[in-house]
Amino acid sequence: MDDQLWALCFLDEGVALSVISRKETRCQWLSGEDQARHYVLHDYLHHVAELGELDEVQTAVARERFELLMEQYPDPETLVEYLNDLTAGLTRIVWFGPLYALAEDYGDFALALRAHYWDEYGEGEEDPATPVPEDDWPYLVEAMDDFLLQGDY
């Protein structure tokens with residue numbers, strides 16, 4: 001599996017939660033960090049602009065702010081904190097980063113995904129925090145859809 005695969009997973013906090021009373025998380029898999037950052041600046045920002053009913057000027061200002069934050073905070077975890085501050089009440093990014101980090105990191109989202117993964121694909125003896133071996137990453141990607149539907153994060 002491509003060790004450069006990245007994901008952006010975000011939860012719509014506004015209308016989706018108030019109308020249907022459940023989490024609506026979207027996860028976009030992208031082929032590398034450059035494509036992932038481009039997606040945030042274009043597609044994700046467009047989604048935020050639609051949710052926030054931003055006009056063209058407001059969207060342009062938001063894009064400038066997103067670009068500045070991406071320059072100032074190249075670390076995905078720190079960047080997410082600041083982006084989530086800007087989009088509070090509209091969306092919340094629950095994961096932005098590479099697949100290998102989902103397989104190995106100890107953040108809340110990665111740990112919850114791995115616990116789900118080991119529950120579904122393990123033999124019952126694995127510690128839920130155990131990293132997923134690289135050969136099994138395709139199964140971790142496959143497990144993401146069910147994990148997001150269950151909303152255990």
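Contact here means heavy atoms within 4.5 Å. Keep that in mind for the close-ups below. This is a predicted model, in which local features need pLDDT of at least 70, side-chain atom pairs count only at pLDDT 80 or more, and totals for chains, interfaces and linings use all residues. Residues are numbered from 1 along each chain as its sequence is written, and side-chain values use heavy atoms, with hydrogens and water left out.

**View 1**
N84 sits in helix α4. Helices (H or I, at least four residues) and strands (E, at least two) are DSSP runs, numbered from the N terminus. Is N84 buried or exposed? With 16% relative accessibility, N84 counts as buried; buried means under 20% relative accessible area, exposed means over 50%, and partly exposed is in between (1.4 Å probe, protein chains only). If you skip its neighbours within four places in sequence, N84 is in contact with T91, R92 and I93.

**View 1. An open sheet of 3 strands.**
Follow the order β2-β1-β3 and you have the whole open sheet, with antiparallel pairing. Two strands pair if DSSP finds at least two bridges between them. Why is one side of β2 and of β3 left without a neighbour in the sheet? Because β2 (25–31) and β3 (91–98) stand at the edges, each with a single partner strand. On average, neighbouring strands of this sheet are turned by 15° against each other, direction ignored. Helix α2 (residues 33–51) packs on the sheet and touches β1, β2 and β3, and its direction makes about 15° with that of β1. For these angles, axes are lines fitted to C-alpha atoms, for helices over the stretch in contact, and angles run from 0 to 180 degrees between N-to-C directions.

**View 2. Strand β1 and its partners.**
Strand β1 (residues 5–12) is joined to β3 by 7 bridges, and the two run antiparallel. Here F10 stands opposite I93 in β3, and D12 stands opposite T91 in β3. With β2, β1 also pairs in the antiparallel sense, over 7 bridges, and L8 stands opposite Q28 in β2. As a general point, strands of a sheet pair through backbone hydrogen bonds, either parallel or antiparallel.
How well covered is β1? Mostly covered: 8 of its 8 residues are buried. Both faces are covered, with L5, A7, C9 and L11 buried on one side and W6, L8, F10 and D12 buried on the other. As for β3, 7 of its 8 residues are buried, so β3 is largely enclosed by the rest of the structure.

**View 3. The largest nonpolar core.**
A nonpolar core is a set of buried Ala, Val, Leu, Ile, Met, Phe, Trp, Tyr and Cys residues joined through side-chain atoms within 4.5 Å. The largest one here has 23 residues, and W95, L102, F109, L140 and M144 touch the most other members. The elements giving it two or more residues are β1, β3, α5 (99–104), α6 (108–121) and α7 (137–150). Helix α7 provides the largest share, 7 residues. Zoom in on L102: not counting residues up to four places away in sequence, it touches W29, W95, F109, A110, L113, R114, L140 and M144. Apart from this core lies another, of 20 residues, among them W6, L30, A62 and F96.

**View 4. The largest pocket.**
The largest pocket has a volume of about 500 Å³. Of the 20 residues that line it, E77, V94, W95, G107 and F109 are the closest to its centre. Which strand gives the largest share of the lining? That would be β3, with 7 residues. On a 1 Å grid over the protein atoms alone, a pocket is an open set of points where a 1.4 Å probe fits, with protein on both sides within 12 Å along at least five of seven lines, and lining residues have an atom within 4 Å of a point. Grid points are joined across faces, edges and corners, and a volume is the space filled by probe spheres set on the points.

E53 is in the loop between α2 and α3 (56–72). Its phi is positive, about 50°, although E53 is not a glycine. At 71% relative accessibility, E53 counts as exposed. T130 is found in the loop between α6 and α7 and, at 28% relative accessibility, counts as partly exposed. Leaving aside neighbours within four places in sequence, T130 is in contact with R114 and W118.
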